[in-house]
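Here is a short report on one protein chain. Please keep the sequence and the model open while you read.

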Amino acid sequence: MPKKTAGKYVVVLVTCGSRAEAQRIAREIVSRRLAACANLLEIPVQSVYRWKGKVERAREFLLLMKTSVRRLPALEAEVRRLHSYDVPEFIALPIVAGSPKYLRWLAESL
């Protein structure tokens, strides 16, 4: 039976301009215990976005990071420090429930 998390944990989405950048950010944030886990989608995503008044298109690599709400400010600061973009994507989505064992592991890993 999934356990409700009461808004304690989030999944953070960050797109990166290269696989190497995504791997470097993932290793750093997990090493510093800012996220318990970072999943890198190895297949690039095609991003279409507006930047400086133009519609742009880019090939990017998506990171999915699991962390606590408490660690969000430090995680965002570290992503900004490590990222090559002027305005890196940093979107946090709430984890509303999860398996008790996984949530316990997540908490212990932070």
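## Arg19 and the ground rules

Arg19 lies in helix α1. Helices here are DSSP runs of H or I with at least four residues, strands are runs of E with at least two, and both are numbered from the N terminus. At 32% relative accessibility, Arg19 counts as partly exposed. Buried means under 20% relative accessible area, exposed means over 50%, and partly exposed is in between, using a 1.4 Å probe and protein chains only. Arg19 is in contact with Leu40, Glu42 and Phe61, leaving aside neighbours within four places in sequence. Contact means heavy atoms within 4.5 Å. Arg19 and Pro44 are 25 residues apart in sequence, yet their C-alpha atoms are 8.3 Å apart in space.

This is a predicted model: local features need pLDDT of at least 70, side-chain atom pairs count only at pLDDT 80 or more, and totals for chains, interfaces and linings use all residues. Residues are numbered from 1 along each chain as its sequence is written, and side-chain values use heavy atoms, with hydrogens and water left out.

## Two nonpolar cores

The largest nonpolar core has 17 residues. Such a core is a set of buried Ala, Val, Leu, Ile, Met, Phe, Trp, Tyr and Cys residues joined through side-chain atoms within 4.5 Å. Val12, Val14, Ile25, Ile29, Leu63, Met65 and Leu75 have the most contacts inside it. At least two residues of this core come from each of β2 (9–16), α1 (19–31), β5 (54–68) and α2 (72–82). Another core, of 6 residues, lies apart from it, and includes Tyr9, Ile95, Leu103 and Leu106.

Which residues does Met65 touch? Not counting residues up to four places away in sequence, they are Val10, Val11, Val12, Val14, Ile29, Ala35, Cys37, Ala38, Leu75 and Val79. In soluble globular proteins, nonpolar side chains tend to be buried together.

## How α1 meets α2

Two packed helices are described by the angle between their axes and the distance between the axes. For α1 and α2 the angle is about 145 degrees, and the axes are 10 Å apart. Axes are lines fitted to C-alpha atoms, for helices over the stretch in contact, and angles run from 0 to 180 degrees between N-to-C directions.

On the α1 side, the contact is made by Glu21, Arg24, Ile25, Glu28 and Ile29. On the α2 side, Leu75, Glu78, Val79, Arg81 and Leu82 take part. By class, this contact has 5 nonpolar, no polar and 5 charged residues. Ala, Val, Leu, Ile, Met, Phe, Trp, Tyr, Cys and Pro count as nonpolar, Asp, Glu, Lys and Arg as charged, and the others, Gly among them, as polar.

Leu72, Leu75, Glu78, Val79 and Leu82 are buried in α2. They cover an arc of only 130 degrees around the axis, so they sit on the same side of α2. The arc is that of the directions from the helix axis to the C-beta atoms. Pro73 and Arg81 are exposed on the other side of α2. The cover over the buried residues of α2 includes β2, α1, β5 and β6 (91–94).

Is Glu78 buried or exposed? Glu78 is buried, with a relative accessible area of 10%. Leaving aside neighbours within four places in sequence, Glu78 is in contact with Glu28, Ile29, Arg32 and Leu34.

## Helix α3 and Trp105

The buried residues of α3 (residues 100–109) are Leu103, Leu106 and Ser109. Seen down the axis of α3, they fall within an arc of 130 degrees, so they line one face of the helix. Lys101 and Glu108 are exposed on the face turned away from the buried side. The buried residues of α3 pack against β1 (3–4), β2, β5 and β7 (97–98).

Trp105 is also in helix α3. Its relative accessibility is 35%, which counts as partly exposed. Trp105 touches Ala36 and Cys37, not counting residues up to four places away in sequence.

## Two loop residues with positive phi

Most residues other than glycine have a negative phi. Arg33 has a positive phi of about 60 degrees. Arg33 is found in the loop between α1 and β3 (37–40), and is partly exposed at 42%. Phi of Lys52 is near 55 degrees, also a positive value. Lys52 lies in the loop between β4 (45–51) and β5, and counts as exposed at 68% relative accessibility.
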